[in-house]
Amino acid sequence: MAKHLNAICFGGGGLVGTAKALGHLVGFDQIVREPGTRTELKKSFFDYMAESGVPLRELEPRLDEVFDRMPAHVRSGRSDHVSRYFEVAVGISGGSLLASGLISGIPLVELVRECLTFPVNHYFVPDFKEYMRGLRYLPLVPFRMTKLMANDLRRGPERLSPNALRRGRRTLPYIRRYSRLACELLTAFHDILPRGLFSGDGIITYIEELSARYGLANNFDTVRESGRHLFIIAERFNAAQTLSNPSDPSTTIYFGMPPYDKTPVSHAIRASCSIPGITTPYAFKDHGRDGKVYDLVDGAIGKTIGRRRILENLPIDCVVTVNPIVPYTGQLENVLDNMEQLYRKLIYSRLKAVESYISDDIKERSIHLESKPQDFFYNMLRVDKMKEGLFEGYYQTLKYCAENYVTINDRLRRGGLCLVPRTEIFRLVTQSSTVRERAYILKAQRMERGSLRRRLGGALSTALQGWDADESELDLLEDELRASELEAGELPQEH
């Protein structure tokens with residue numbers, strides 16, 4: 001059989017988005033095969049979770065019970081398929097950690113363990129160096145404020161035309177003057193503000209720990225010597241490529257491509273995971289541009305998936321893209337929801353724009369995995385919802401592949417791969433344990449996003465009765481979920 005070169009690209013999405021992308025990977029690994037092994041089935045992490053009797057809501061504290069249920073070949077990764085079938089991995093933001101783990105051969109179940117036990121203290125470490133840098137300018141603040149107030153007194157009140165002062169507008173000059181002064185006074189503090197709240201250096205330490213425990217490759221040359229390719233995307237935040245001058249160099253860095261293949265993988269991941277305003281940018285001396293120092297930030301600022309350049313440089317037969325950032329179509333409750341939706345809209349609109357003009361050849365080689373916009377919406381930094389994101393990605397992958405079985409099989413065939421029989425995928429989607437766990441997710445989300453009266457009632461019910469509903473309530477939830485999916489035409493009816 002001819003040798004095929006397949007790629008998988010992971011988009012970013014914060015902590016919850018990264019867990020969701022990993023769920024997509026777990027689901028895809030369970031159903032993708034070579035044609036000769038198409039009928040060979042395997043259990044996923046969630047199957048072992050169901051066998052051990054551990055509900056999703058109790059997964060973190062009872063994780064060892066799930067792993068005790070797994071045979072040795074599963075824990076060692078010998079039964080993993082995606083890591084063998086895909087020799088090129090691309091990662092942006094949190095997806096860079098998944099890409100590096102996959103290409104290094106870390107077992108999928110161990111990636112799940114690391115996701116569910118992620119030490120957030122490595123990420124949310126206050127950047128005291130950045131705070132001290134700003135405090136150096138603190139003595140200048142009184143002088144700047146004095147200068148600004150003196151300039152305001154010298155200018156005096158705002159002068160407006162007589163027409164502007166008619167009909168109750170006599171206070172307008174004072175409003176304009178003091179609003180201008182307030183904005184100017186704020187500029188007196190801009191030098192003492194940090195560039196980011198948290199230091200990303202803990203991510204470097206965490207990746208180095210994974211390298212020591214699991215053998216995660218921390219060098220791009222080591223990855224290339226093994227016959228594989230790893231690319232991590234970051235963005236030069238203090239650079240621009242304008243439409244008026246298209247000859248300007250690109251602001252995107254592809255770590256793993258010359259001359260950016262000498263940077264350690266841990267530093268590349270740290271740069272790609274730097275969310276502006278939250279994490280301090282990564283200072284990078286760019287030897288490819290005369291040693292100029294750039295501030296590198298989250299690769300999602302410039303790219304959503306980043307597959308086109310990879311396809312131009314390597315003879316990729318089939319590429320799977322995983323995008324965990326999808327706008328929500330439900331009710332937005334507060335300012336945090338609106339900010340989250342704004343971020344999702346901006347990222348996703350760029351993805352749609354790119355998809356509209358890519359060549360038909362690239363489309364025929366691409367399989368795009370994502371969730372439906374009405375199914376899952378949580379803030380990307382909510383650590384407590386990572387397990388729900390993990391399961392949601394898994395479930396949505398199975399459902400999407402069942403619904404688009406023929407199209408996905410045709411595109412996988414270009415890479416020498418195929419899906420397991422469609423009936424088996426439907427069985428995975430509809431099995432009672434999976435549907436039951438999904439019912440818990442939907443119940444929690446509906447309560448959080450419902451009216452105030454409904455939320456108070458749900459919180460009171462939970463406090464009095466707990467989450468351990470009786471069997472009839474679970475059956476009712478399962479039947480309700482299945483009825484809604486049958487009504488939408490998503491699942492086949494059982495006979």
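**Close-ups of a predicted model**

View 1. If you look along the pair, you'll find Phe 198 standing opposite Thr 279 in E8. Both strands belong to an open sheet of 3 strands, ordered E4-E5-E8, and its pairing is mixed. Strand E4 (125-126) and strand E8 (277-279) are the edge strands, each pairing on one side only.

**View 2. Leu 22 and its partners in the largest nonpolar core.** Which residues touch the most other members of this core? They are Leu 22, Phe 45 and Phe 255, out of 90 residues in the core. Zoom in on Leu 22 and, leaving aside neighbours within four places in sequence, you'll see it in contact with Leu 98, Leu 108, Leu 111, Val 112, Cys 115 and Leu 390. Another core, of 24 residues, lies apart from this one, and its members include Ile 92, Ile 310, Leu 314 and Ile 316.

**View 3. A cis peptide bond between two prolines.** Here Pro 258 and Pro 259 are joined by a cis peptide bond, with omega at about 0°. To find the spot, go to the loop between strand E7 (252-255) and helix H13 (265-272), where Pro 259 is found.

View 4. Most residues other than glycine have a negative phi. Ser 93 isn't a glycine, yet its phi is positive, about 55°. Look for Ser 93 in the loop that links strand E3 (88-92) to helix H6 (95-103). Asp 290 isn't a glycine either, and has a positive phi of about 60°. Its loop runs between strand E9 (282-286) and strand E10 (292-298). Buried or exposed: how does each one count? Ser 93 counts as buried because its relative accessibility is 4%, under the 20% cut-off. Asp 290 is exposed because its relative accessible area is 82%, over the 50% cut-off.

**View 5. Gly 77 beside Pro 107.** Gly 77 and Pro 107 are 30 residues apart in sequence, but in space their C-alpha atoms are 4.1 Å apart. You'll spot Gly 77 in the loop between helix H4 (72-75) and helix H5 (82-85). With a relative accessible area of 17%, Gly 77 is buried, because the cut-off is under 20%.

Technical notes. Residues numbered from 1 in each chain as written. Predicted model: local features only at pLDDT ≥ 70, side-chain atom pairs only at ≥ 80, totals over all residues. Heavy atoms only, no water. Core = buried A, V, L, I, M, F, W, Y, C linked by side-chain atoms within 4.5 Å. Buried < 20%, exposed > 50% of the residue type's maximum accessible area, 1.4 Å probe, protein only. Contact = heavy atoms within 4.5 Å. Helix = DSSP H or I, 4+ residues; strand = E, 2+ residues; numbered from the N terminus. Pairing = 2+ DSSP bridges.
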